[in-house]
Amino acid sequence: MAKARTSYLRTGLIHLALISYTLIALFPVFLTLVNSFKSRNAIFRDPMAIPTPSTFSLVGYETVLKQGDFFGYFQNSMIVTVVSIAFVLLFGAMAAFALSEYRFRGNLLMGLYLALGIMIPIRLGTVAILQGMVAAGLVNTLTALVLVYTAQGLPLAIFILSEFMRTVSDDLKNAGRIDGLSEYAIFFRLVLPLVRPAMATVAVFTMIPIWNDLWFPLILAPGEATKTVTLGAQMFIGQFVTNWNAVLSALSLAILPVLVLYVIFSRQLIRGITSGAVK
Amino acid sequence: MSDIDTADPEIAPIKRPARWHILVFLAPAFLVYTAVMILPLIETLRLSLYNLVDNQTVFVGLSNFITLFSDPRLAANFWNALWNNLIFFVIHMLVQNPIGVALAAMLSVPKLRFATFYRTAIFVPTLLSFVIVGFIWKLILSPIWGIAPSMMDLVGLKWAFAPWLGRPESALITVSLISVWQYVGIPMMLIYAALLNIPEEVLEAAECDGITGWSQFWKIKLPLILPSIGIISILTFVGNFNAFDLVYTVQGALAGPDGSTDILGTLLYRTFFGFQNQMGDRSMGATIATVMFLIILAGVSLYLFVIQRRIRRYQF
């Protein structure tokens with residue numbers, strides 16, 4: 001009896017602790033979303049209240065959509081993120097296949113060389129990256145961002161994908177070879193479909209830092225036409241710092257896509273982390 | 001490749017057909033990675049040894065570093081940023097990682113209800129960008145809006161409120177804690193994964209010996225997850241000494257008040273691009289980037305060659 005009671009007590013305390021922390025984690029996000037739908041007076045008078053018909057207002061969103069080109073920023077972020085992920089997955093999978101499938105001179109060395117970037121942040125090369133982009137005439141283009149993010153994402157992608165590719169059965173690939181498939185066909189038609197779950201994990205891991213990055217858009221593509229959502233929100237808020245409705249609405253617009261994607265992909269992401277993809 | 005094989009028959013005694021496909025598979029990743037990441041990194045390191053003299057770029061050896069470490073104005077900024085960065089890192093190690101481990105330990109209690117929900121919710125801040133996180137907290141802690149004071153009033157702590165972000169003595173700690181709030185999800189997830197990987201038999205054997213609850217955590221689980229704690233520590237280290245975005249969004253490029261939240265990332269940004277009345281300086285920027293590179297390299301090497309070797313890995 002005594003043991004059962006302490007166990008109930010223990011579970012209760014654990015729930016209490018976890019609920020408290022969940023509140024701490026979600027409260028600021030909740031506060032922003034709720035207040036973005038309220039009139040200016042209501043934001044200050046009663047910040048915790050949920051918008052009622054009398055306090056409901058979309059004035060913040062109107063300002064944001066009129067003043068900043070948020071759809072354009074959003075489109076830029078989408079293009080940069082999607083294209084970079086596509087390159088990271090394609091190039092990363094190809095390199096991972098070469099490293100895990102074939103034995104050739106320099107294999108280990110190449111693997112170590114490509115893994116360097118997992119620990120050394122690409123940011124440290126910014127001075128010369130900017131110089132190179134200026135020389136190549138790529139400043140203020142989305143191409144510059146795509147190139148940087150592809151290079152940034154490749155090391156981890158290659159590392160994770162080659163771990164997974166080692167688990168693809170050799171018999172299958174050899175059967176393909178006997179049937180006369182080329183090495184390219186073996187890669188694209190046999191191996192790639194089998195590592196699809198790992199590819200999804202890599203895609204999610206690659207996506208978050210790209211979408212959220214402020215440093216490279218600020219340095220390489222600060223022009224109005226190439227602003228990403230993160231940079232756009234940053235600059236907009238800097239300008240409208242006293243317009244609380246507009247600031248809260250801009251924040252909500254920046255949060256929303258991430259939350260939607262997270263709800264869709266959270267199982268994939270969490271399975272990826274917990275299955276030991278990152279070790 | 002085939003040229004090398006025929007020219008050097010001793011290394012490749014068996015004549016194989018040229019395996020061009022290996023090259024094709026490796027080339028795109030290798031080229032992009034080398035051109036956009038490795039070469040600029042090397043170029044940056046090289047630039048730190050050059051400076052402009054009479055509008056000519058000349059080799060100056062280590063004089064940029066000497067300037068950085070001893071010039072009255074620059075050195076003061078540099079040592080301040082380095083010291084702040086160190087505090088930033090220590091706060092993460094002391095607050096973020098223990099909370100992460102505690103949350104993971106609670107989540108991994110068998111048959112806990114709503115565990116998926118907690119896990120998903122606590123990870124949300126990690127996905128948000130620094131811009132969002134920075135501004136949300138700036139608003140919450142702002143004395144104008146008054147969310148923080150009225151929240152503290154609920155628990156009778158209103159007297160303890162202060163505009164923390166505006167005071168030099170508390171600003172750095174506040175910014176660090178905001179960053180901890182954002183990133184606690186990462187140690188939580190990695191430790192959670194490590195705890196799930198502990199085999200059931202080990203825990204059953206411990207229970208047979210009467211080791212349960214707290215002592216089970218300290219004596220059995222903690223030693224088994226030490227390698228993951230090592231990984232978290234090095235990830236935190238690299239992330240912290242490369243941080244920029246949060247300080248930039250919360251306190252601006254000047255990292256105020258009075259430089260009290262200046263870290264190496266913001267110092268690099270200001271030095272390289274210039275800010276207000278300060279001119280941008282490419283060579284000095286490269287020098288600071290090189291120092292950051294050396295710090296990170298030292299940390300990673302320490303981890304790989306000393307810490308990782310000492311931690312025993314248990315294979316199941």
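**Entry on the interface.** I kept in mind that this is a predicted model. I began with the two chains and found 60 residues of chain B in contact with 64 residues of chain A. Next I asked which helices of chain B each supply at least two residues of the side that touches chain A. My list reads H2 (20-47), H4 (72-107), H5 (115-127), H6 (130-141), H9 (185-196), H12 (245-251) and H14 (282-310). H2(B) gives the largest share of that side, with 16 residues. I then sorted the side of chain B that touches chain A by class and noted 48 nonpolar, seven polar and five charged residues.

**Entry on the hairpin.** I turned to strands S1 (residues 50-53) and S2 (residues 56-59) of chain B, which pair in the antiparallel sense over four bridges. For Asn51(B), I found the bridge partner in S2(B) to be Val58(B). Two residues lie between the strands of this hairpin, and there Asp54(B) takes a positive phi near 50 degrees.

**Entry on the annotation.** I checked UniProt, where an unreviewed entry lists "transmembrane region" for residues 20-42, 86-109, 121-148, 171-195, 224-244 and 284-306 of chain B. I looked into two of these ranges in the model. Residues 86-109 of chain B are 92% helix and 0% strand, with the end C-alpha atoms 35 Å apart. For residues 121-148 of chain B I noted 75% helix and 0% strand, and the end C-alpha atoms are 22 Å apart.

Notes:
Residues numbered from 1 in each chain as written. Chains lettered and ligands numbered in written order. Predicted model: local features only at pLDDT ≥ 70, side-chain atom pairs only at ≥ 80, totals over all residues. Contact = placed C-beta atoms within 7 Å. Nonpolar A, V, L, I, M, F, W, Y, C, P; charged D, E, K, R; others polar. Pairing = 2+ DSSP bridges. UniProt positions renumbered as here; feature names shortened; annotations may be inferred.
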